There are 2 protein chains.
Amino acid sequence: MSKTLIFGHKNPDTDTICSALAYADLKTKLGEDVSPARLGEVNGETKFALEQFGVEAPALVQKLEDGADVILVDHNEFQQSADNIENAVIHEVIDHHRVSNFQTKEPLYFRAEPVGCTATILNKMYKEKQIELDKHIAGLLLSAIISDSLLLKSPTCTEEDVKAAQELAEKAGVDLEEYGLEMLKAGADISDKTVKELITMDAKEFAMGDAKVEIAQVNAVDVSEIYQLHDELVSEITATVNEKGLDLFLFVATDILNNDSEVLAVGPEKANVEKAFHATLDENDRALLKGVVSRKKQIVTALIEQF
Amino acid sequence: MSKTLIFGHKNPDTDTICSALAYADLKTKLGEDVSPARLGEVNGETKFALEQFGVEAPALVQKLEDGADVILVDHNEFQQSADNIENAVIHEVIDHHRVSNFQTKEPLYFRAEPVGCTATILNKMYKEKQIELDKHIAGLLLSAIISDSLLLKSPTCTEEDVKAAQELAEKAGVDLEEYGLEMLKAGADISDKTVKELITMDAKEFAMGDAKVEIAQVNAVDVSEIYQLHDELVSEITATVNEKGLDLFLFVATDILNNDSEVLAVGPEKANVEKAFHATLDENDRALLKGVVSRKKQIVTALIEQF
């Protein structure tokens with residue numbers, strides 16, 4: 001039997017990469033033959049975290065072999081997972097998202113908890129298994145929590161996440177606030193990004209009723225900088241909508257200092273955005289959503305309700 | 001907010017009833033406002049267990065209100081759950097089956113482990129929460145494990161289940177083997193059952209390739225007693241095959257003492273039974289399958305392979 005691959009979702013974010021690395025570390029220490037993997041390019045924020053703690057990014061996997069042994073972290077929906085996931089043997093899932101479009105033929109270990117970050121669950125699992133956290137693993141788990149919780153500001157952030165972050169910062173030997181802001185700023189640096197990258201680097205597709213909806217999120221220190229590219233964004237997103245037959249593409253630019261998001265809606269169902277958020281799209285099809293920072297808890301749920 | 005209902009699957013078995021009762025006990029002790037429920041009649045085996053430990057069966061629930069707060073134990077597939085489950089808010093799932101036909105809008109606590117019984121997971125959860133097990137709850141959890149594992153003989157039974165059963169028997173103050181056999185015998189008492197009841201009381205339908213297959217299982221201390229009703233069984237099953245347009249109806253009489261099953265095959269695809277189990281149906285269309293006791297792990301898988 002070949003190694004069991006551990007990976008997070010497509011368009012990997014910091015939680016997905018760091019959780020794959022950490023869970024592979026834990027499993028290896030428990031004597032299991034596993035290997036961390038990733039399904040796409042590592043983003044700037046994650047790179048910053050990996051460099052900070054001296055860890056290499058996991059290997060890129062493009063498509064799974066039939067019957068591949070896999071463990072999913074930070075996702076469960078098949079459309080967010082590796083190509084050919086339907087024909088893999090999924091042994092475990094460690095996640096903090098809703099469950100949807102997921103199925104197995106056999107019983108498995110499936111652990112989802114409604115916390116802000118997969119890394120928070122993994123931090124708990126190290127304790128349960130009584131395995132001491134190495135400093136660099138503590139750093140990776142901390143980075144994941146900071147990323148998913150927008151430095152503990154997101155409504156998805158629970159008390160458990162806060163406690164874990166404090167604990168992990170101490171173990172990693174960094175100041176939580178200072179390191180956190182530095183890491184988020186590194187991720188919000190869009191100066192070297194193409195428009196194509198902006199709309200794909202953290203994009204997820206969702207089935208909502210009969211509709212196909214894609215939601216891309218980009219963090220920024222200055223949202224207006226992103227919308228200087230408004231026309232290019234619209235034309236690139238329109239091309240994606242046509243190519244994938246999407247009903248809606250929602251581009252979400254999140255202000256990490258003020259904790260708001262300015263969204264851009266493209267596609268035949270864009271009117272649903274207005275209804276879902278009781279907001280009005282301006283002549284550029286954009287709207288400022290005050291206090292909205294969480295795709296999972298504030299955007300996806302409101303849109304599902306609407307569709 | 002009304003109480004959160006905790007229930008297992010339709011056609012409830014001992015694990016489903018006892019796990020709902022035990023998890024409601026644990027949650028109540030943790031200060032949560034929950035209530036156990038059941039989706040159907042309590043069977044003879046479960047009745048025996050409840051009487052033994054002096055516990056009332058949970059209340060019957062027919063259909064959920066829109067937006068009802070629920071926790072599922074011992075199942076996750078919606079077609080096995082309460083009517084209107086699609087419109088309930090599922091807060092938790094504690095299960096040991098494959099995951100399929102399940103979805104939520106929101107993140108939840110979903111805990112599935114590949115063990116033989118939901119009760120084994122619950123026994124662990126009492127420890128994690130540091131809540132002492134009352135004697136009668138230990139008895140319920142023990143009964144569930146005995147039922148699902150056919151007194152630790154089924155191939156679905158793991159080392160964890162065995163350990164839990166031994167621990168629980170001690171806490172419940174009963175002899176594992178002696179109580180276990182007594183309980184299984186109570187469940188295998190078919191003296192008051194009609195032929196119609198025998199073929200429906202634990203029947204499940206499966207789609208296998210293009211074929212519609214129904215498999216009914218009945219536990220017995222003396223299988224020959226069941227087949228004294230051979231002619232009536234055949235005529236009742238034939239009526240069911242015609243009525244539902246089944247390709248195969250497999251009636252499985254499982255000998256709980258010798259851990260074998262004698263099956264009766266009816267329907268146009270009955271030859272597939274011979275191929276799937278490398279067995280020959282006799283002139284009565286029956287065959288003894290040595291060592292076969294698990295519908296899930298031995299019968300369904302072999303037939304799916306064949307069809």
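In this predicted model, the two copies meet through the same surface, because 100% of the interface residues of chain B are also interface residues in chain A. The contact brings 20 residues of chain B against 22 residues of chain A, and the two chains bury about 1,800 Å² between them.

**Relation of the two chains**

**The interface between chain B and chain A**

- Of the area buried between chain B and chain A, 58% lies on carbon and sulfur atoms.
- Three residues, B:Val99, B:Lys105 and B:Pro107, supply 30% of the area that chain B buries against chain A, and that is more than any other three residues supply.
- The rule finds 1 salt bridge across the interface of chain B and chain A; B:Lys105 and A:Glu305 meet through their side chains in a salt bridge, with an N to O distance of 4.0 Å.

**Helix 4 and helix 5 of chain A**

- Helix 4 (residues 135-149) of chain A packs against helix 5 (residues 159-172) of chain A at an angle of about 145 degrees, with the axes 8 Å apart, and the crossing is left-handed.
- Helix 4 of chain A contributes A:Lys135, A:Ala138, A:Gly139, A:Leu141, A:Leu142 and A:Ile145 to this contact, while the residues from helix 5 of chain A include A:Asp161, A:Ala164, A:Leu168 and A:Lys171.
- By class, the contact of these two helices of chain A has 9 nonpolar, 1 polar and 3 charged residues.

**Helix 3 and helix 5 of chain B**

- In chain B, the axes of helix 3 (residues 118-128) and helix 5 (residues 159-172) come within 9 Å and cross at roughly 65 degrees, again in a left-handed crossing.
- From helix 3 of chain B, B:Thr120, B:Asn123, B:Lys124 and B:Lys127 meet B:Glu160, B:Asp161, B:Ala164, B:Glu167 and B:Leu168 of helix 5 of chain B.
- The residues of this contact in chain B divide into 2 nonpolar, 2 polar and 5 charged.

Conventions:
Residues numbered from 1 in each chain as written. Chains lettered and ligands numbered in written order. Predicted model: local features only at pLDDT ≥ 70, side-chain atom pairs only at ≥ 80, totals over all residues. Heavy atoms only, no water. Axes fitted to C-alpha atoms, helices over the stretch in contact; angles between N-to-C directions. Helix = DSSP H or I, 4+ residues; strand = E, 2+ residues; numbered from the N terminus. Left-handed = near helix turned anticlockwise from the far one by under 90°. Contact = heavy atoms within 4.5 Å. Nonpolar A, V, L, I, M, F, W, Y, C, P; charged D, E, K, R; others polar. Buried area = accessible area lost by both parts, 1.4 Å probe.
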